[in-house]
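User: I would like to know the grounds for some of the labels used on a model. Please set each label against its definition.

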Amino acid sequence: METSRRNFLKISGVCALGLTALPVADVFGESDLPKAIKNPQALTGQHWAMVVDMKKCWEKGKEGCKDCILACHAVHNVPDIGSIKEEIKWIWTNHYENVFPGQENEYNVKNLEGRPFIALCNHCTNPPCVRVCPTQATFKRPEDGIVMMDFHRCIGCRYCMAGCPYGARSFNWRDPRPFIKTELNMRFPTRERGVVEKCNFCAERLAEGLLPACVEACKVGALSFGDLADPNSVVRKLLASHFTMRRKPELGTQPNVYYIV
Amino acid sequence: MKIYDARYVLIGLAIFVGLFTIPFWYNMGRAVPPPDPKLDTPVIQQMAVKQCVLPLAEIRTGHMQLLNDWRTWVVRDGLRTYVAADGKTYNMSLQNTCMDCHSNKTQFCDQCHIYAGLEAGTVPYCWTCHIAPKENQ
């Protein structure tokens, strides 16, 4: 069969036009229902933050109270391995000189001796863990600033643990399931051997309209959670009326956990 | 055409073919029972309309794709509610939503996965982290 160059070009043009028909049909053929939406009852914020009132914790709380830690670790199926080297923690206590290194002097250290400071992931505005993660298993949620873990993607390289200046991340050196001493929370997964874990600001509870488990568990109201972008939020009010500190501000990570001491 | 050492070559070939096809000989005449996923859980039995998130044909062939999408939407995009084609909404969660109805993992998931030659409990490795429902056994 012979054809002129002109005819060949005409037929090619029509064919190319035909190829565009499928994507167009796909767009119009799809239902107008959105497939995935936010939970309607979810708490929404643009910049979640926490204020830890250590004064309230010490003055009103019972000696050795660990309500916040126990609540968090029970809700998230955090194991108790029983050795400091393999410890897994989402929220914990530490001494002043470890929580605020460089800010100690011989007098305040003495004053604060034996006083526990609550520590957790700071959900930094400029998180070093996110920068170093090679698989983007840990990432900062653009909508509310929570530094999340996608355990499906974590390859266990522990760069994030080296990157985090606050020791907020723990590695599962072994299968954590046999070490979960609390009753298993059947609504939340466990982790497996070889992944890193940390506090997620209770993203799964916020999605159901609940405050983080630690905030809810504290009977003296020492922990407050809210949206920094909202001038009427609890945290903004506390920050406006109190002098607050953040951990290692000199590193430029911009932590979102504030301390009243 | 002449094959050098034809006897040895042919005997060797016969032995090779025999060994290579051992799986077929081994399983010959043995019928593997087809998978029989059970839908008789209490929650499903109480449903007026027994309808999954997707129509049967789609969920059967595409549940892995659906779970993959759910994971991306929930973990990475922070969207937790799925709107089905009929407008019904579901909380996107393998451990909670899927397994609330299909509370019989060994009689449901494992049936086909084992038949398809996936190692039971290891592939797909959902259950190293997600907690499988407690079954009355």
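Analyst: The labels are taken up in turn below. This is a predicted model, in which local features need pLDDT of at least 70, side-chain atom pairs count only at pLDDT 80 or more, and totals for chains, interfaces and linings use all residues. Residues are numbered from 1 along each chain as its sequence is written, and chains are lettered from A and ligands numbered from 1 in the order in which they are written.

User: Why is A:His123 called buried?

Analyst: A residue is buried if 20 or more other C-beta atoms lie within 10 Å of its own, exposed if 12 or fewer, and partly exposed in between, with C-beta atoms placed from the backbone. A:His123 has 26 such atoms within 10 Å, so A:His123 is buried. Its place is the loop between β4 (117–120) and α7 (128–132) of chain A, and its phi is positive, near 45°, though A:His123 is not a glycine.

User: What makes A:Cys202 buried?

Analyst: With 24 other C-beta atoms within 10 Å, A:Cys202 is buried. A:Cys202 sits in the loop between β8 (196–197) and α9 (203–206) of chain A. Its phi is positive as well, about 55°, in a residue that is not a glycine.

User: How do you know that β1 of chain A pairs with β1 of chain B?

Analyst: Strands are DSSP runs of E of at least two residues, and helices are runs of H or I of at least four, both numbered from the N terminus. Two strands pair if DSSP finds at least two bridges between them. Two bridges join β1 (residues 36–37) of chain A to β1 (residues 81–83) of chain B, and the strands run antiparallel. In one of the bridges, A:Ile37 is partnered by B:Thr81.

User: Why are β1 of chain A and β2 of chain B edge strands?

Analyst: The open sheet has three strands in the order β1(A)-β1(B)-β2(B), with antiparallel pairing. β1 of chain A and β2 (89–91) of chain B each have a single partner strand, so one side of each lacks a neighbour in the sheet.

User: What makes helix α4 of chain B kinked?

Analyst: The bend at a residue is the angle between axes fitted to the seven residues ending there and the seven starting there. In α4 (residues 56–76) of chain B there is a kink of about 75°, centred on B:Gly62. B:Trp70, B:Val74 and B:Val75 are buried in this helix, and the buried residues of α4(B) pack against β1 of chain B. After the helix comes B:Gly78, with a positive phi near 70°.

Definitions and conventions. Two residues are in contact if their C-beta atoms, placed from the backbone, lie within 7 Å.
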